[in-house]
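Work through the exercises below with the sequence and the 3D view open. Try each task before reading its solution.

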Amino acid sequence: EALSQARVSPLYNLDEFAHTTSFWRDQNRQAPHNVYTSTARLLEALLAYQKGGDQGTTYESWPYSEQIPQSTIPGSEVMIPSKDSAYEVRWQYRDALKQYERIMAGKSHRDENGIGLQASNVIIIKTVINVLDEVGRREIKTMGGGEALVFRNGLAQKGIWKKQGSARPRFLNSQEQEIPLAPGITWIEVAPQAAEIEY
């Protein structure tokens with residue numbers, strides 16, 4: 001289903017099957033979590049598309065601002081529950097770094113180089129999630145809208161998310177204005193509608 005949607009999308013479709021030179025697999029890691037690419041390979045693919053006359057689609061970025069939005073409440077720590085404690089996520093704001101640190105299963109979540117995962121913005125969207133089969137594959141509603149929480153600078157702001165067509169998702173406050181994000185890395189967490197987010 002995803003491949004069929006990608007074929008008719010205005011986005012560049014760089015699936016591994018048709019663009020084998022844009023990716024490589026690390027044999028030291030278990031499939032399917034061993035597919036990698038690089039900026040150089042992505043640029044090469046982009047230039048090939050453009051050489052063929054395809055100029056693609058331009059997307060505007062999210063609004064970023066150093067100024068902290070009004071209507072915020074304390075949000076220096078946020079907990080996203082999970083039925084499996086191994087996947088319970090907590091974000092802890094580190095004031096000295098102006099970053100949220102990601103903690104999973106009670107431990108700092110680190111990459112393969114031992115560097116802790118951090119973000120300037122943590123956005124939680126609530127949506128409909130259905131389990132499709134015994135393997136646990138999920139169908140996640142990413143179109144339409146729902147409840148959202150935006151965390152930045154140790155503060156939280158309640159809002160909603162909206163997404164239509166191929167446009168980027170928008171995170172809006174109670175006045176339906178886009179919530180400005182802090183400059184830096186943004187991490188979006190997707191939670192079921194019934195999830196009780198603690199912060």
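The model is predicted, so local features need pLDDT of at least 70 and side-chain atom pairs count only at pLDDT 80 or more, while totals for chains, interfaces and linings use all residues. Residues are numbered from 1 along each chain as its sequence is written, and side-chain values use heavy atoms, with hydrogens and water left out.

**Exercise 1. Backbone**

Task: Find the cis peptide bond that joins A31 and P32, and place P32 in the chain.

Solution: Start with the angle: omega of the bond between A31 and P32 is about 5°, and the bond is cis. Next, locate P32: this residue sits in the loop between β1 (24–25) and β2 (35–36). Helices (H or I, at least four residues) and strands (E, at least two) are DSSP runs, numbered from the N terminus.

Task: Describe the phi angles of A105 and E176, and say where each residue lies.

Solution: A105 is not a glycine, yet its phi is positive, near 55°. Its place is the loop between β6 (99–104) and β7 (107–108). E176, also not a glycine, has a positive phi of about 65°, and lies in the loop between β14 (170–172) and β15 (186–192).

Then check the accessibility. Buried means under 20% relative accessible area, exposed over 50%, and partly exposed in between (1.4 Å probe, protein chains only). A105 has 41% and so counts as partly exposed; E176 has 46% and so counts as partly exposed.

**Exercise 2. A residue in a loop**

Task: Is S22 buried or exposed, and which residues does S22 touch?

Solution: First, S22 belongs to the loop between α1 (2–8) and β1. Second, its relative accessibility is 4%, so S22 is buried. Third, leaving out residues up to four places away in sequence, S22 touches L14, Y36, T37, R41 and A45; contact means heavy atoms within 4.5 Å.

**Exercise 3. Strand β9**

Task: How many residues of β9 are buried, and how does β9 pair with β12 and β15?

Solution: Count first: 7 of the 7 residues in β9 (residues 121–127) are buried. Then sort by direction: N121, I123, I125 and T127 point one way, and V122, I124 and K126 the other.

For pairing, DSSP must find at least two bridges between two strands. β9 and β12 are antiparallel over 5 bridges, with V150 as the bridge partner of I123. β9 and β15 run parallel and are joined by 7 bridges; here I125 stands opposite V190.

**Exercise 4. Aromatic rings**

Task: How many aromatic pairs does the whole structure hold, and what is the geometry of W62 with F171?

Solution: The search finds 7 pairs. Rings of Phe, Tyr and Trp (its six-membered ring) pair if their centres lie within 6.5 Å; planes under 30 degrees apart are stacked, over 60 edge-to-face and the rest tilted. W62 and F171 are 5.9 Å apart centre to centre with 45° between the planes, a tilted pair. W62 is in the loop between α2 (39–51) and β3 (73–74) and F171 in β14, so the pair ties together parts 109 residues apart in sequence.

Task: Classify the pair Y100 and F151.

Solution: The ring centres are 6.5 Å apart and the planes at 75°, so the pair is edge-to-face. The pair links β6 to β12 (residues 144–152), 51 residues apart. Y100 is buried, at 0%, and F151 is buried, at 0%. Y93, Y100, F151 and Y199 form one aromatic cluster.
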